[in-house]
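Morning, everyone. Let me put the structure up, and then I'll walk you through a few places in it.

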Amino acid sequence: MTMADTKTMSNTTTVATTGFQPLGFSPARFWLMVATTLAVIVAPFVLYPIFLMKIYCFIIFAIAYNLLLGYTGLMSFGHAAFWGMGAYLTAYSAANWGFGFEMALLMGTVTGAVLGLIFGWVAIRRTGLYFAMITLALAQMVYFICLQAPFTGGEDGVQGVPRGTFLGILDLRNDWTLYWLVGAILLAIIILSNRVVHSPFGQVLRAIRNNPNRAKSLGYNVDRYKLYAFVMSAALSGFAGGLKAIIFQIATLTDVSTIASTEAVLITLVGGIGTIFGPVVGSMIVLSLEHYLAPYGPWVMFTQGIVFVFFVLVFRKGLLGEIQDYFKTKL
Amino acid sequence: MDFNMNLILGQMVLGLVNGVFYAILSLGLSVIFGLLGVINFAHGVFFMLGAFAAYMLGELFGIGYWPALLLVPLIIGALGLVVEVTLIRSLYKLDHLYGLLLTMGLAFAIEGLIRITFGPQGLPYNIPDSLRGAINLGFMFLPYYRAWVVVAGIILCVTVWLVIERTPLGAKLRAATDNPQMVQAFGINVPVMLTLTYAAGVALAGIGGVMAAPIMSVDPAMGTNIVIVVFAVVVIGGMGSIFGSILTGLALGLLEGFTKAVFAEASSTVIFVVMVIVLIARPRGLFGKMA
Amino acid sequence: MLDISKLDAWYGESHVLHGLDMQVPEGKVVSLLGRNGAGKTTTMRTIMGLMGKVRGTLAYNGADLLKMRPDQVARKGIALCPEDRAIFPSLSVHENLMLPPIIAKGGMSVDHIYELFPNIKERATSRGTQLSGGEQQMLAIARILRTGAKFLLLDEPTEGLAPVIVQQISRTLSEIKEMGYTILLVEQNAHFVQGIADVHYLIENGNIVDRLEASEFEKNIAKVDKLLGL
């Protein structure tokens with residue numbers, strides 16, 4: 001007998017699927033997608049494109065994180081390693097090896113994937129809390145290596161990252177051009193994430209999340225699926241980090257620090273673990289909060305802590321998670 | 001690589017000092033996890049608060065190091081009691097990871113608050129007069145204060161171990177870790193035991209903070225910096241083994257010191273490397289009881 | 001005396017006990033017989049306060065047990081010897097014995113207990129779980145004799161034990177009964193309870209289906225066997 005019942009952390013609501021599945025979305029999600037698209041189109045006329053692009057990168061990062069936490073049931077505390085190293089490798093290859101936009105991003109993605117494979121292979125041996133602690137420790141190790149390695153530029157970071165061009169045509173030095181590209185990438189990734197979650201692969205992941213032993217008894221190689229999910233999550237995180245590095249034209253130590261890892265966790269928690277649009281909502285809120293508190297220094301950390309505590313105690317399922325439950329529909 | 005014997009021994013002795021802090025903190029973390037099922041990310045922050053409490057006692061009331069050693073654990077313990085009752089208690093029925101999330105949030109909130117109040121820089125705390133000076137060990141001059149930390153720290157850890165493993169009170173704790181429902185069915189108020197255990201665990205961290213103050217300077221970041229290393233220590237030692245936590249903490253401190261002397265660049269990562277190796281070779285940790 | 005009336009209990013969403021009615025008079029041995037899943041252990045746990053949602057009347061010597069936490073129930077003088085014995089692996093045999101606190105006067109002394117259970121005395125310093133099944137059962141019973149509890153809940157004490165050990169336990173229970181303890185004995189072994197219980201309750205699907213005095217038991221043995229699925 002144990003003191004606590006282990007309940008799945010994800011929001012599990014069941015809803016009958018209707019026939020109408022535009023782009024693979026359920027009706028509720030379709031409208032959320034429409035809303036998000038409209039927001040992407042309209043937002044830059046209201047807020048700074050650079051600020052928005054930062055949010056979008058974090059949305060992609062959170063989508064990657066949510067794939068692992070919300071849909072596979074694995075809580076990693078070391079995702080900064082993938083995001084940050086993706087940022088570093090994208091930045092470095094673009095700045096020093098002459099990689100173009102596409103190649104540099106590919107570099108970041110592959111870096112994330114490879115690192116994810118290594119981390120995953122070590123960490124998957126344990127589950128739950130141990131898994132979280134191990135990923136945290138591994139990421140810390142990466143941080144310390146980056147702190148000392150010459151190629152990261154230490155405290156200065158990797159600077160002078162060129163924006164480059166997209167497909168040789170679009171000049172990405174123009175913030176607006178870049179914005180439309182990044183916005184399109186974001187929307188594509190949301191659609192993609194929805195498809196992955198509802199694919200047979202995604203269904204196996206959810207089976208593993210809900211009851212790993214049952215999945216195993218059904219014949220699935222649970223560890224291997226976990227590793228796939230982990231690598232996918234890491235690769236997408238690396239992509240997101242790389243994108244951010246190109247937008248801001250710099251990669252720094254903050255990107256591989258625990259701060260970035262906990263950012264991903266916080267965003268996912270606030271938005272709603274195990275929801276498709278949770279990362280969108282979560283990023284908007286968390287990043288805006290940080291942006292407006294930034295001038296007040298340590299208040300950012302304090303507020304993040306309070307938000308964490310509040311959401312764990314009261315809004316455990318995150319904003320979309322709670323709304324999802326209330327309206328009995330999946331978001 | 002540099003194999004200067006004096007340097008190596010010297011760094012290892014200093015590493016042992018760090019090891020004592022790892023042992024004290026991993027001990028508390030392990031006991032709290034074993035009984036409450038909560039990974040107390042806030043453990044580092046209570047360590048930091050211990051140091052700040054010592055600092056404040058000195059600044060505001062002129063209370064020195066020795067009385068602080070007795071008062072601070074009471075203060076931190078009281079704080080821990082409040083935290084367990086108000087925040088952590090509601091999480092026992094949930095997935096264990098919520099405990100980690102909550103305590104992480106708590107750690108950020110508290111560290112943020114300290115930073116807001118005191119600023120980001122470290123504050124000085126003086127070595128008590130009675131422990132000033134150093135002893136010549138031949139290969140190094142060992143400050144009396146650090147020798148004190150090692151001796152007192154080890155005695156503290158061994159005492160806690162003895163209480164847990166060899167007394168009826170400790171038997172209740174161990175039994176409740178095995179099967180809390182049954183222990184309660186025998187007439188022991190287990191919820192109260194949980195609260196007191198959390199309070200005692202973080203009070204231990206607080207004592208560590210007082211002992212660390214003269215060495216590490218009183219710094220808001222000292223909690224989060226050390227807690228991740230302590231996690232690695234616990235993974236290596238194996239959760240559930242008090243003896244494992246103590247031994248592993250001390251050993252890793254020594255290893256860190258050795259590495260600093262021989263291959264300085266790796267000293268901050270060596271513990272994590274050991275963790276990876278142990279995870280591959282023996283996933284449940286060196287002394288771990290649970291699979 | 002334990003008085004149960006219209007007791008309902010739920011395990012999560014499932015309704016596991018339906019309007020149970022039972023009395024356990026002081027100094028008597030009462031058996032609760034039924035198959036696996038009939039609700040025997042659930043009844044024990046409900047008395048001890050270990051169940052979630054409960055409704056009805058559950059009183060011991062006038063005190064309302066339904067509102068109490070398990071430790072409060074224990075301190076009323078009730079002790080549980082659970083089905084899985086619940087020997088604590090992290091404790092030695094002696095520590096296991098000494099763990100339950102003394103909740104009333106009149107419990108057996110440690111010396112007396114070691115006299116009654118000599119094979120436990122031999123293994124006093126071993127880890128609790130290093131004992132054989134029979135020895136663990138003895139230890140589980142011995143534990144609750146020390147506390148001063150007068151009402152013992154014994155959940156399938158003979159399960160999985162060799163006939164020789166079962167006889168030993170039967171003898172031990174007779175001795176305990178002589179000392180004036182009140183016992184609620186949950187079992188699947190009809191033969192075992194026949195010799196020792198004063199009253200038998202038959203339980204099926206969370207309902208009490210019959211109540212037999214000791215004298216009526218032999219006559220109704222066919223009914224009992226059917227209930228137990230034999």
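Of the 291 residues of chain B, 59% count as buried, where buried means under 20% relative accessible area, exposed means over 50%, and partly exposed is in between, using a 1.4 Å probe and protein chains only. Keep in mind that this is a predicted model, so local features need pLDDT of at least 70, side-chain atom pairs count only at pLDDT 80 or more, and totals for chains, interfaces and linings use all residues. Residues are numbered from 1 along each chain as its sequence is written, chains are lettered from A and ligands numbered from 1 in the order in which they are written, and side-chain values use heavy atoms, with hydrogens and water left out.

Stay with chain B. How many helices and strands are there in chain B? Eleven helices and two strands. Helices here are DSSP runs of H or I with at least four residues, strands are runs of E with at least two, and both are numbered from the N terminus. Along the sequence the pattern reads α-α-α-α-β-β-α-α-α-α-α-α-α.

Now its dimensions. The C-alpha trace of chain B spans about 60 × 50 × 35 Å along its principal axes. Its radius of gyration is 19 Å, which agrees with the value near 19 Å for a compact globule with 291 residues. That radius is taken over C-alpha atoms, and the globule rule is 2.2 Å times the number of residues to the power 0.38. Next, contacts, meaning heavy atoms within 4.5 Å. Take those in chain B between residues at least 6 apart in sequence: 78% join residues at least 24 apart.

Let's zoom in on B:Thr167. This residue lies in the loop between α5 (144-166) and α6 (168-178) of chain B. Leave aside neighbours within four places in sequence, and B:Thr167 is in contact with B:Leu162, B:Arg174 and C:Glu95. For scale, B:Gly187 is 20 residues from B:Thr167 in sequence and 18 Å away in space, C-alpha to C-alpha.

B:Arg174 sits in helix α6 of chain B. B:Arg174 is buried, with a relative accessible area of 7%. Not counting residues up to four places away, B:Arg174 touches residues of chain B and chain C, among them B:Ile164, C:Ser90, C:Leu91 and C:Glu95. A polar atom of the B:Arg174 side chain lies 2.8 Å from the backbone oxygen of C:Ser90.

Over to chain C, and to strand β7 (residues 151-155). Five of its five residues are buried. C:Phe151, C:Leu153 and C:Asp155 point one way, while C:Leu152 and C:Leu154 point the other way.

Which strands does β7(C) pair with? Strand β6 (residues 78-81) of chain C runs parallel to β7(C), joined by four bridges. Strand β8 (residues 182-187) of chain C also pairs with β7(C) in the parallel sense, over five bridges. Two strands pair if DSSP finds at least two bridges between them. On the β8(C) side, C:Asp155 has C:Val186 as its bridge partner. From β7(C) the chain crosses through helix α7 (residues 163-178) of chain C to β8(C), in a right-handed β-α-β crossover. Right-handed means that, with the strands pointing away from the viewer, the path from the first strand over the helix to the second runs clockwise.

Last topic: salt bridges. Side chains of opposite charge can pair when their charged atoms come close. The structure holds 16 salt bridges over all chains, each a side-chain nitrogen of Lys or Arg within 4 Å of a carboxyl oxygen of Asp or Glu.

Here are three.

- In chain A, A:Asp171 pairs with A:Arg173, the closest N and O atoms being 3.1 Å apart. A:Asp171 is partly exposed at 32%, and A:Arg173 is exposed at 65%.
- In chain B, B:Arg89 pairs with B:Glu84 at 3.7 Å. B:Arg89 is partly exposed at 34%, whereas B:Glu84 is buried at 0%.
- In chain C, C:Asp198 meets C:Lys177 at 3.0 Å, N to O. This pair links distant parts of the chain, 21 residues apart: C:Asp198 is in the loop between α8 (190-194) and β9 (199-204), and C:Lys177 is in helix α7.

Note on methods:
Polar contact = N/O pair within 3.5 Å; in protein donor to acceptor, adjacent residues only side chain to side chain.
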